[in-house]
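Subject: Structure for you to look at

Hello,

Here is the structure I promised to pass on. Please open it first, then read my notes below.

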Amino acid sequence: MTTMTLAKAINAGLRQAMQDDPKVVLLGEDIGALGGVFRVSDGLQAEFGAKRVIDTPLAESAIIGTAVGLAYRGYRPVCEIQFDGFIYPGFDQIVSQVAKLHYRTQGNVTMPITIRVPFGGGIGAAEHHSESPEAYFAHTSGLRVIAVSNPQDAYSLLRQAIASDDPVLYFEPKRRYHVRGEVTEELGQSMENAVIVTPGTDVTLLAYGPLVSTARDAALAAADEGISIEVIDLRSLAPIDYAVVEASVRKTGRLVVTHEAAQSGGVGGEIIAGVVERCFNYLEAAPVRVTGWDIPYPPAKLENHHLPDLDRMLDGVDRVMGR
Amino acid sequence: MADTTADMVQLVTPDGVRKKHAEFDPWVADVTGDQLASLYEDMVAVRRIDVEATALQRQGELGLWPPLLGQEAAQIGSARALRTDDFVFTSYRENAVAYCRGVDLTDIVRVWRGNAQAGWNPYDIGMAAPAIIIGAQTLHATGYAMGCVADGVDSVAVAYFGDGATSEGDVSEAMVFAASFKAPVIFFCQNNQWAISEPVGLQAVRPIADRAPGFGIPSLRIDGNDILAVMAATRIALDRARSGGGPTFIEAVTYRMGPHTTADDPTRYRDAAELEEWKAKDPILRLERLLDSLGLFTHELQAATKAKADAVAAELRDGCIDLPDPEPLSVFDNVYATWNSTVERQRTEYASYLASFDEVSDATGQPAIEQSAVATAKGGHV
């Protein structure tokens, strides 16, 4: 058990995965000599060499497309997309090729590719560095989508993602890279499982990625007012662990879902539809979404008016409680 | 923006005359008369596959067919130069390459009949599932080649694509990566002059082969209807790749004598005179003339070739028509390599839905949905 930052936990996960399996190779911009713009791959090229930690030319479609070719050849590529907003040049290779090759070849070809993406805002960045594109990929059959919130999960779920024979979009909350936490080498619960991080009885508050810690803080604040919030870290956005979510909503009867991504067409809408289908008679009130607005990510000085914060989450809780 | 063909390498003229070429000749010096006859048989067979598949489409047995008519030499000449441990990444038109790699003819039509999206196991024959997304396969080939280097083997990846594909960003990105990583990949561009209705001059204002050297990749521009030039160029590129020399770009200048697919009507955008001009440069006719000049175009060869073509056509037709329709619930197969709760939940749901029709059928044995249609047609109600 060691205390380390979320970024270092990813680093440890990459290192362990590469030690365990010589077929694991890393591809991305600036991941080698620099160790990544967030230092997530720090030291890995020195340890494993430039043939396994590959600094690629500046071309996202090629990072993903050559990973497809490497996967055909039996490798287990881990691609880094430097920032969320840069994933789009690679979108076609992800959804047309990576997501579909197992299906279209009747299972003869596997794409055990992990695509790591620092995502989310709250870091005062320039445009295209604070996006939340997870919904595009959660909507694409053939892909698994994971969003981690803490150092332990960052380590464990990354190792599971790399070991999985399915392609995985692995979203890392970049504004939490510096947060420290306990990390063991255990793989823990399946990456498909949602986890209750704060048990409660009055309201289910569902979050993922960077907003999980905000949700936990909201639960602490609400407790002072006598409201018991059950915080769930969704972890897997595709597939969604409805077993855990459903059990919680049956208990509380009230659901709030929160994400940084825009409201319309977001993962929150999908979850609420799924919950309504399963738990309609248990709902005391219409579920509530606390999300980014349906706007492009705003300039840094305005981002706090876009990102859900503790107060907006508590406001959502008030609404679902009819207060 | 005429595509000047004056500077392309040609070993056999359209009249079937063997020309000397100092650089290319050594690469095909070993080709015997028997091998030439075999290449001829290959080309006639794949042309017959095209004819047969087009007929099957017109008869409603195939949904679509993309003919390679006119491109036989470009595909056969290159594919026959490969080893079994090489791997090809193609577009949807390389059925002659598939033929050379040993694909079952039924597996070729499986896709175009609508039974599957990829007809064969890529690892059986060293040929990836064909790419419909234009140019995407060039990246796959480059990555595969990088994997060969990592494995320490001298296998080569070949990416087949057309002139239209060279406009796609993926193709340029592939060349950047191939050059930077010295990947043993061959970029084999069949410039067949047309991308559906768009002439090559729209894609490239100068010869396509001129691009690759800008990326640091040596380029060969060849007469794609000259099977010996194609074979020689491919062997040059293979040798370079196998010996650690990295990628090569080959532009095989040819012509798409048929439509883009059976859904296309080239009379809407193409001049009939242009087709006539290219018929004179037909790759099969050219090889016939060469074989004839060598005294090899015998009645025996012609009879054997026709018999082969007939056999191939029959096999294709039988395989196509005998293909069973896929099972409905197979739509849920292989979405993931691992068990997936969403897919399985939906599979169960749809299976119940389908079974509900069986349950409602009565003594007639007809499922309820057919009964209700009949009842409605007769003016009744369900």
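First, a term you will need: a polar contact is a pair of N or O atoms within 3.5 Å; within protein, one must be able to donate a hydrogen and the other to accept it, and residues adjacent in sequence count only if both atoms are side-chain atoms. This is a predicted model, so local features need pLDDT of at least 70 and side-chain atom pairs count only at pLDDT 80 or more, while totals for chains, interfaces and linings use all residues. Residues are numbered from 1 along each chain as its sequence is written, chains are lettered from A and ligands numbered from 1 in the order in which they are written, and side-chain values use heavy atoms, with hydrogens and water left out.

**The two chains**

Helices (H or I, at least four residues) and strands (E, at least two) are DSSP runs, numbered from the N terminus. Chain A has 11 helices and 14 strands. Its radius of gyration, taken over C-alpha atoms, is 19 Å. The C-alpha atoms of chain A fill a box of roughly 60 × 40 × 40 Å along the principal axes.

Chain B has 16 helices and 7 strands. Its C-alpha trace spans about 80 × 50 × 40 Å along its principal axes.

Next, burial. Buried means under 20% relative accessible area, exposed over 50%, and partly exposed in between (1.4 Å probe, protein chains only). In chain A, 62% of the 323 residues count as buried. In chain B, 52% of the 382 residues do.

Now contacts, meaning heavy atoms within 4.5 Å. Take the contacts in chain A with a separation of 6 or more: residues 24 or more positions apart account for 81% of them. The corresponding value for chain B is 74%.

**The seven-stranded sheet of chain A**

Two strands pair if DSSP finds at least two bridges between them. An open sheet of 7 strands in chain A runs in the order E3-E2-E4-E5-E7-E6-E12, with mixed pairing. Strand E3 (53-55) and strand E12 (236-238) of chain A stand at the edges; each has a single partner strand, so one side of each is left without a neighbour in the sheet. Neighbouring strands of this sheet are turned by 20° against each other on average, direction ignored.

Look at E7(A). Strand E5 (residues 114-119) runs parallel to strand E7 (residues 168-173), and 6 bridges join them. Among the bridge partners, Arg116(A) goes with Tyr170(A) and Ile115(A) with Leu169(A). E6(A) is also parallel to E7(A), joined by 4 bridges. Here Val145(A) is a bridge partner of Leu169(A).

Is E7(A) covered on one face or both? Both: Val168(A), Tyr170(A) and Glu172(A) are buried on one side, and Leu169(A), Phe171(A) and Pro173(A) on the other.

**The five-stranded sheet of chain A**

Another open sheet has 5 strands in the order E9-E11-E10-E13-E14, again with mixed pairing. Its edges are strand E9 (195-198) and strand E14 (288-292) of chain A. Strand E10 (residues 203-207) and strand E11 (residues 229-233) run parallel, joined by 5 bridges. Leu206(A) stands opposite Ile232(A) in E11(A). Helix H11 (residues 310-320) of chain A packs on the sheet, touching E10, E11, strand E13 (255-262) and E14. The direction of H11 makes about 160° with that of E14(A); axes are lines fitted to C-alpha atoms, for helices over the stretch in contact, and angles run from 0 to 180 degrees between N-to-C directions.

**Ser149(A)**

Where does Ser149(A) lie? It sits in the loop between strand E6 (144-147) and helix H7 (151-163) of chain A. Ser149(A) counts as buried because its relative accessibility is 11%. Its side chain makes polar contacts with the side chains of Asn150(A) at 3.0 Å and Asp233(A) at 2.6 Å. Not counting residues up to four places away in sequence, Ser149(A) touches Leu6(A), Pro173(A), Gly209(A), Val212(A) and Asp233(A).

Best wishes

Definitions and conventions:
Rg over C-alpha atoms; globule rule 2.2 N^0.38 Å.
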